[in-house]
Amino acid sequence: MEVPILKQGQVLIATFQAALSDADLNQLRSALVQQVVRFRSRAVIVDVTAMDVMDSFASRTLREIAHMIRLRGAETVIVGIQPEVAFAMVQLGLTLEGVATALDLEEGLAYLNQKFKIMK
Amino acid sequence: MSRVEIRVTISSDQDIVLARQKGRSLALELGFSSGDATLIATAISELARNIVSYAGNGQILLRDIQNSTRVGISVTASDDGPGIPNISQALRDGFSTSGSLGLGLPGVRRLMDEFEINSKPGQGTKVGVKKWRP
Amino acid sequence: MVKRDESSELLRELVAHLRQNRTQLREEWVGRISETRLLTAMTKEEIFAEATSVYDSYVEALETETFEALQAYARNLSERIIPRGVETHEVVGIVLLLRDVLARSLFAKYQTDFKKLNGILDAYEPAANRIANTVAVGFVQERERVIRQQQEAIRELSTPVLQVRERLLILPIIGVIDPQRARQLTEQLLRGIRTNRAKVVVIDITGVAAMDVTVANHLVQTVEASRLLGATVIVTGLSPEIAQTLVTIGVDLGKMNTVGDLQGGIEQAERLLGYKVMALAETS
């Protein structure tokens, strides 16, 4: 199952489907990094609204994505973590430390807009 | 006595997804809240992942359980892999044997109500966890 | 020891006696109930109606030696009278009174035939005791169920998530937090963040007297989970003792956004949200 990546201006948006396997996640990681380079994107939004389980592997992959993208000079925002998923994540000790988060896609875009405005 | 028994063979990362989906639907069937079902599915995901990462293959057994006052779900993850040499160390937060990812066992323990582990080097690992419906 | 069939023969005779004298024995019983000032929350008519049902169920349980019907009746009765404030001792009291009223009438009837009296009492007492036990247990179980329900309701009420401004929630925590309440609190807050699209949450723990390690961990997890939903948490009202607990379990207070009191917390939240607060005089 491939994760679609949408290009909207300077931002790339990747939307997770439910039931992603480890292989899908690894594939997404490389695809995102490649496209950030190719389009000189300033930011990536990963929308995980549909994910009903975020285990240690998925969480680690998200952190790695954010880290690699920061090395390319761009910013990552994780949006759409469900309340129940967030509760399970913190029980597991998965807090996505150092990665920006927002309630949903709309909030994620608003966050980036404000940030870019300040940077200008 | 269990009425439901679901066995999922775990040998690849696809099976991890299958096991946690089956676990979630069984939990919901047994009347767990969707919040609890998420905790249970997450625990199953971690246990199945350990099988894939450390043993290669094994199985997850899902069952309904009941005592005199409550119903619950039992998840047993078993494999014939290398086993865990030092269990108490594996149950401490922050411990890991392969790279940055730990066994996640302390986390699984926090997600569930009861936790039991049997493992000897060379003889595989069996982790049993239970959660009771409040 | 009386033989089995002989005993059931006696039980039949006993039941017949209780049926024959139903009106008189029931009245005597109701009289004793008001004498001993039991069931004061109920009217005379109500007591009489319930007494009739209890009396009949009682005799039936003696006759059939099955207790399910009585058990169901006891539960049903409890459900009706618990909200009226009837206490456990009253329910146990009236059942014991009935047992005594009936036993006395057996004495009166068989006092000339001592051997028979003994036989009748041998048949009566175990059954009567079991009935008393069944009714008392039924009442207590029902009471416990009601108490559990009330606790649940109080818990819901005691953790209000308040929206004070657009995007700003306040969660004042008061009283004792056990792990169950801590979890409920977290779930309520996370749902609240989502429905109100909150960006900042002020958790005020001024009203929390003590915090053990488990609960402190819950607080930390609540802060972390809220952040995963994109909301910033400000904790206010942290007493020196609780701060000490947090430091002891290894919480980096530098990572946690803490402000001395609720007022200061709300002010900081408003700054985070981009509000400017100024005195009215300055605006003119």
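Modeller: On a 1 Å grid over the protein atoms alone, a cavity is a set of points where a 1.4 Å probe fits but cannot get out, whereas a pocket is an open set with protein on both sides within 12 Å along at least five of seven lines; lining residues have an atom within 4 Å of a point. Points are joined across faces, edges and corners, and a volume is the space filled by probe spheres set on them. The model is predicted: local features need pLDDT of at least 70 and side-chain atom pairs pLDDT 80 or more, while totals for chains, interfaces and linings use all residues. Residues are numbered from 1 along each chain, chains are lettered from A in the order written, and side-chain values use heavy atoms without hydrogens or water.

Biologist: How much space lies in the second largest cavity?

Modeller: Its lining includes C:Trp29, C:Met42 and C:Glu50, and divides into 10 nonpolar, no polar and one charged residue (Asp, Glu, Lys and Arg count as charged; Ala, Val, Leu, Ile, Met, Phe, Trp, Tyr, Cys and Pro as nonpolar; the others, Gly among them, as polar). The space in the second largest cavity is about 80 Å³.

Biologist: Which element gives the most to the lining of the second largest pocket?

Modeller: This pocket, of about 990 Å³, has 32 lining residues, with B:Asp36, B:Pro134, C:Pro179, C:Gln180 and C:Arg183 nearest its centre. By class, 13 of the lining residues are charged, 11 polar and eight nonpolar. With seven residues, the element that gives the most is α7(C).

Biologist: How many salt bridges are there between chain A and chain B?

Modeller: These chains bury about 1,800 Å² between them (accessible area, 1.4 Å probe, lost on being put together and summed over both). A salt bridge requires a side-chain nitrogen of Lys or Arg within 4 Å of a carboxyl oxygen of Asp or Glu; A:Asp22 and B:Arg49 form one at 2.5 Å, N to O. Between chain A and chain B, the salt bridges number four.

Technical notes: Helix = DSSP H or I, 4+ residues; strand = E, 2+ residues; numbered from the N terminus. Buried area = accessible area lost by both parts, 1.4 Å probe.
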